[in-house]
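Please consider the following structure with attention to its charged pairs, its helices and its surface.

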Amino acid sequence: MKTLLFVTDLYYEAKGRNYYEEDLFLTSKLREDFHLVICHPEDIEAFENNADLIIFRNAGPVANFKDKYEAFRNRIVSKYLKTFNSFNGKADMNGKEYLIELTNAHFPVIPTIDTLDFLDKLPNVDTYIVKPKDGADSIGMEFVTKDELGEKVDSKSKNTLVQPFINFEYEVSFYFIDKEFQYALYAPDKEKRWELKEYVPTEEDLTFAKRFIEWNNLDWGIQRVDACRNEQGELLLVELEDLNPYLSLLELSAEARQNFVESMKKSLQKALQA
């Protein structure tokens, strides 16, 4: 059997989620077909040479260990390390810059800028959201008025994102392995982001989500397309998580959970054979 290095922070405390529960379940299933080693994201280098494939899972925000994450990314290239996800994504694994690219390309995304020189690209609203480009899990996010933007946004460094506050109906996430849709979950109560229920997407919903999957074009791996339904009934992208998306596996039915595991095992074999 091949050896997988499963990278996770079992002790990371995330609001509304228990990372360790999901990863304990997932590793219990993967060890049916693979040898498994589990390590903390800051310890990858000590184990990477003895693994056939590195699975980067619930490691928490990489901003918390930025230098080691960048060193790991460099070693992937220099040592030809095999990883899952593949590290050729264009979305969250590289920070939030892609939201500006998608805005400029007129994708259905919450409009995003990084300099007040382009404030006219955003709708004129009472409240704006300001957050760091390398942020995750709502770290560093602030709600500000238009008058406060000048003191919160450094247009020279361009390290901050600005978005309009959207009064949405609900948030919904679409989960993919490689380019195949797996399941969708939504939060019917928008005040409780992580109290999720299974969601049956329409063809229009799937067309929306697949557009971002095709744009990203990962070789293999798990992606989560997070969106919100605005008051006009349209879906807008919130983020495309292509690094280590939390999967909410334990919120699924037993059948859906098992289907996901089987799809993941097939994708892992694809990555190993590449």
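The model is a predicted one, and its count of salt bridges comes to 15.

**Salt bridges**

- Side chains that carry opposite charges can pair when their charged atoms come close.
- K79 and E48 form a salt bridge, with their closest N and O atoms 2.8 Å apart. This pair links distant parts of the chain, 31 residues apart: K79 is in the loop between α3 (66-78) and β4 (83-84), and E48 is in the loop between α2 (44-47) and β3 (53-56).
- K79 is partly exposed at 34% relative accessibility, whereas E48 is buried at 2%.
- D205 and R229 form a salt bridge, the closest N and O atoms being 3.2 Å apart. Because D205 lies in helix α6 (residues 203-216) and R229 in strand β11, the pair ties together parts that are 24 residues apart in sequence.
- D205 is buried, with a relative accessible area of 3%, and R229 is buried, with 13%.
- A network of salt bridges links D92, K96, E171, R193, R224, D226 and E239. Within this group, D226 pairs with R193, with the closest N and O atoms 3.8 Å apart.

**Helix packing**

- Helix α1 (residues 19-30) and helix α7 (residues 254-273) have axes that come within 11 Å and cross at roughly 60 degrees. The angle therefore makes α1 oblique to α7.
- The crossing of α1 past α7 is right-handed.

**Surface patch**

- M141, F143 and F165 make a nonpolar surface patch of about 270 Å².
- F143 lies in strand β6 (residues 142-144) and is partly exposed, with a relative accessible area of 48%.

Technical notes:
Residues numbered from 1 in each chain as written. Predicted model: local features only at pLDDT ≥ 70, side-chain atom pairs only at ≥ 80, totals over all residues. Heavy atoms only, no water. Patch = residues over 30% accessible without salt bridge, like charges linked within 9 Å, V, L, I, M, F, W, Y side chains within 5 Å. Areas by Shrake-Rupley, 256 points an atom, 1.4 Å probe, with all protein chains shown as cover. Salt bridge = Lys/Arg side-chain N within 4 Å of Asp/Glu carboxyl O. Helix = DSSP H or I, 4+ residues; strand = E, 2+ residues; numbered from the N terminus. Buried < 20%, exposed > 50% of the residue type's maximum accessible area, 1.4 Å probe, protein only. Axes fitted to C-alpha atoms, helices over the stretch in contact; angles between N-to-C directions. Parallel < 35°, antiparallel > 145°, perpendicular 65-115°, else oblique. Left-handed = near helix turned anticlockwise from the far one by under 90°.
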